[in-house]
Amino acid sequence: DEQLDLDDGRWEDIHVVTGALKLFLRELPEPLVPFSHFDKFIAAIKIQDLSLRSRCIRDLVLSLPPAHHDTMKVLFRHLCRVVEHKEENRMSVQSVAIVFGPTLLRPASEEGNMAMHMVFQNQVVEHILNHYGYIF
């Protein structure tokens, strides 16, 4: 119900906006990639054959609930635009993946090797960014 004035000077700092977006995504009851899909995405990113990996990830994205799929499509379109300006903003595909990977897909419980999960989470986001046109 809160009305935000985006002309307010505090929104000029891109780090504030990005932090707010990440906080919103992190506080969702379920991440953008639902818990039920986490292990499937991790298994898909481990596939060695690039075309098979891409097809599997595309199929997984298509299998997401409509609200998750549609939100992911808009968010990743925006993140692709951010990457297009990497010379000015220093946000390469890898940087964006590191920032958003753990926020967009995470396991239901933090058991297991969190460091290893983070590597794969980042790789999934990086893959989707690099293959946005094919996936969406």
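**The nonpolar core**

Author: The largest nonpolar core has 31 residues, and among these Phe-41 and Ile-128 touch the most other members. A nonpolar core here is a set of buried Ala, Val, Leu, Ile, Met, Phe, Trp, Tyr and Cys residues joined through side-chain atoms within 4.5 Å, where buried means under 20% relative accessible area, exposed means over 50%, and partly exposed lies in between, with a 1.4 Å probe and protein chains only. Two or more residues of this core come from each of helix H2 (35-45), helix H3 (50-62), helix H4 (66-84), helix H6 (93-104), helix H7 (114-130) and helix H8 (132-135), and H4 gives the most, with six residues. Helices are DSSP runs of H or I with at least four residues, numbered from the N terminus.

This is a predicted model, in which local features need pLDDT of at least 70 and side-chain atom pairs count only at pLDDT 80 or more, while totals for chains, interfaces and linings use all residues. Residues are numbered from 1 along each chain as its sequence is written, and side-chain values use heavy atoms, with hydrogens and water left out.

Not counting residues up to four places away in sequence, Phe-41 touches Val-33, Ile-57, Leu-60, Val-61, Leu-64, Leu-105, Val-124 and Ile-128, a contact being heavy atoms within 4.5 Å.

Turning to the aromatic rings, the structure holds one aromatic pair. The ring centres of Tyr-132 and Phe-136 are 4.9 Å apart and their planes stand at 35 degrees, so the pair is tilted; rings of Phe, Tyr and Trp (its six-membered ring) pair if their centres lie within 6.5 Å, and planes under 30 degrees apart count as stacked, over 60 as edge-to-face and the rest as tilted. Tyr-132 is buried, at a relative accessible area of 16%, whereas Phe-136, at 22%, is partly exposed.

There is also one salt bridge in the structure, defined as a side-chain nitrogen of Lys or Arg within 4 Å of a carboxyl oxygen of Asp or Glu. Asp-59 forms this bridge with Arg-58, and their closest N and O atoms are 3.5 Å apart. Asp-59 is partly exposed at 40% relative accessibility, and Arg-58 is partly exposed at 22%.

Finally, the loop between H5 and H6 holds Arg-90, which has a positive phi of about 60 degrees although it is not a glycine. Arg-90 is exposed, with a relative accessible area of 72%.
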